[in-house]
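Thank you all for coming this morning.

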Amino acid sequence: SCLLYFTTLLPPISNHRPPQGIQQEHYRHRNEEQPQRLTLGRDDDSQKNREQTQAEYLPATECYKNHKGVISYRNAIINPLRASRIIGKERDEFYRLTPGFVTLFCSDEPAAKQVLKTRKGTETNVMITHVYPRNHIIKEYENLVLATREEYANIYWQIMDVFDIFQALNDRGISGNNTSVLWIDDHPNSSVDPLWSLYFKSVHRIASYQFPGKLFARNLIIRPPRSRSLLMQQDRGIMKQIDEFRDQINPTLSTNKKVDCEQVNVLIIWRRDYVNHPGNPLGVISRKVSNEDDVVDEMRKFPNIRLTEAQLDRLPLELQLRYLSQADVVFGMHGAGHALAMFMRKGGVVVEVFPDSTSNWHMGHIATQSGHRHITHSLKDSDKDKTSFFIPRETTNSLINKALHHLCPKI
């Protein structure tokens with residue numbers, strides 16, 4: 001029998017630098033219990049324990065699975081102390097995983113070597129030993145996902161991360177309610193964090209386990225690479241997958257809505273300056289609207305509109321989702337907030353205004369695959385600082401007319 005040590009490669013790191021002195025609080029699901037120290041047997045235990053240990057060895061082909069590009073392992077032990085912070089000129093929010101971070105147990109050494117040899121780019125620094133370190137297990141998981149978050153404060157990229165993991169679990173018949181996530185990063189808390197606990201049993205930071213002791217996962221799953229994300233495949237239809245994703249929050253969102261044409265709910269998403277990320281201490285946000293009052297005044301000319309204005313990124317996630325679920329029309333400058341159209345009920349309209357000749361297909365892809373009409377417009381005029389843009393009254397009027405005609409063609 002053999003024991004395999006390897007380093008798992010997570011998605012590439014990026015450079016974010018929050019200001020010094022930010023208090024790092026470990027994010028935990030409200031129902032999560034604190035880790036308790038468990039001892040499942042030491043190397044010098046009785047013959048009975050050694051027999052039980054031996055029984056847990058798996059054939060090499062069972063240790064490793066690659067399903068649609070998503071890597072998973074069986075009966076894995078994670079040693080958090082083998083994750084070391086990357087120290088540099090940027091704040092040490094990321095970790096380097098060293099050999100022994102994950103340990104696998106396989107019954108056939110030659111076959112195990114062959115498995116690892118054919119998985120090039122997934123494992124590195126493979127070492128083989130006959131030591132079985134099942135002592136000092138402090139936490140056990142039925143299903144555990146390893147994920148390194150990029151753009152942790154950006155709702156679009158975080159939706160993509162959670163969506164990809166959700167789909168990977170669905171393909172295996174695994175419920176998110178029975179799955180925990182281990183963040184292999186130490187980013188500051190953000191308003192986007194609660195999105196993860198909407199889908200998964202519990203969420204942990206690797207820093208929560210920076211003391212002696214190991215974790216055991218019956219199924220260990222590596223967050224699939226973004227290059228394989230369904231949201232990054234422009235020509236692929238994914239309406240069924242999005243329906244399943246939002247059904248986790250509210251099953252009624254995937255049913256076609258009946259619009260009250262005498263009171264159409266229009267949500268304006270404003271982009272305004274604020275410190276949304278420690279790497280942007282001045283809080284200067286691009287793609288703002290310089291004449292918000294004109295836009296509001298023009299919309300209020302329509303007697304059948306019920307208007308709501310919101311700077312979503314300043315609101316708790318629960319309130320953001322409530323606003324989206326009630327909206328018939330979402331109107332705003334291009335930005336990450338348009339990804340929340342995924343949580344509108346089917347049959348709505350998403351109006352996306354672009355600065356200058358800028359174009360971007362990602363939000364339109366989410367809107368159409370979520371069952372909405374997507375309307376775009378490109379502006380020509382901007383303020384001198386190029387961060388604010390003027391929306392002419394006639395443009396606002398035309399865009400809202402198109403949205404209302406789509407929802408209520410008889411009016």
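Predicted model: local features only at pLDDT ≥ 70, side-chain atom pairs only at ≥ 80, totals over all residues.

Residues are numbered from 1 along each chain as its sequence is written, and side-chain values use heavy atoms, with hydrogens and water left out.

Let me begin with the inside of the protein. A nonpolar core here is a set of buried Ala, Val, Leu, Ile, Met, Phe, Trp, Tyr and Cys residues joined through side-chain atoms within 4.5 Å, where buried means under 20% relative accessible area, exposed means over 50%, and partly exposed is in between, with a 1.4 Å probe and protein chains only. The largest such core has 49 residues, and those with the most contacts inside it are I159, W196, F245 and F343. Among the elements that give two or more residues to this core are β8 (137-147), α4 (155-171), α6 (239-247) and α9 (362-369); these names come from DSSP runs numbered from the N terminus, with helices (H or I) of at least four residues and strands (E) of at least two. Helix α4 gives the most, with 10 residues. If we take contact to mean heavy atoms within 4.5 Å, then I159 touches L195, F245, A339, L340, M342 and F343, not counting residues up to four places away in sequence. Apart from this core lies another one, of 26 residues, which includes V353, I391, L404 and L407.

Next, the disulfide. The structure holds one disulfide, formed by C261 and C408, whose sulfur atoms are 2.0 Å apart. C261 lies in the loop between α6 and β12 and C408 in the segment after α10 (393-407), so the pair ties together parts that are 147 residues apart in sequence. The torsion about the S-S bond is about -95°, so this disulfide is left-handed. Are the two cysteines buried or exposed? C261 is partly exposed, with a relative accessible area of 22%, whereas C408, at 4%, counts as buried.

A cavity is a set of points, on a 1 Å grid over the protein atoms alone, where a 1.4 Å probe fits but cannot get out, and its lining residues have an atom within 4 Å of a point. The structure holds one cavity of 30 Å³ or more, and about 40 Å³ of space lies in the largest cavity. Its lining includes I268, W270, R287 and F331, and the largest share, three residues, comes from β15.

Most residues other than glycine have a negative phi. R287, in the loop between β12 and β13 (288-289), has a positive phi of about 60° although it is not a glycine. N75, which is in strand β3 (residues 70-78), has a positive phi near 45°, and at 7% relative accessibility N75 counts as buried.

Note on methods
Disulfide = S-S within 2.5 Å. 1 Å grid on protein atoms, 1.4 Å probe; cavity = no way out; pocket = protein on both sides within 12 Å on 5 of 7 lines; lining within 4 Å. Points joined across faces, edges and corners; volume = space filled by probe spheres on them.
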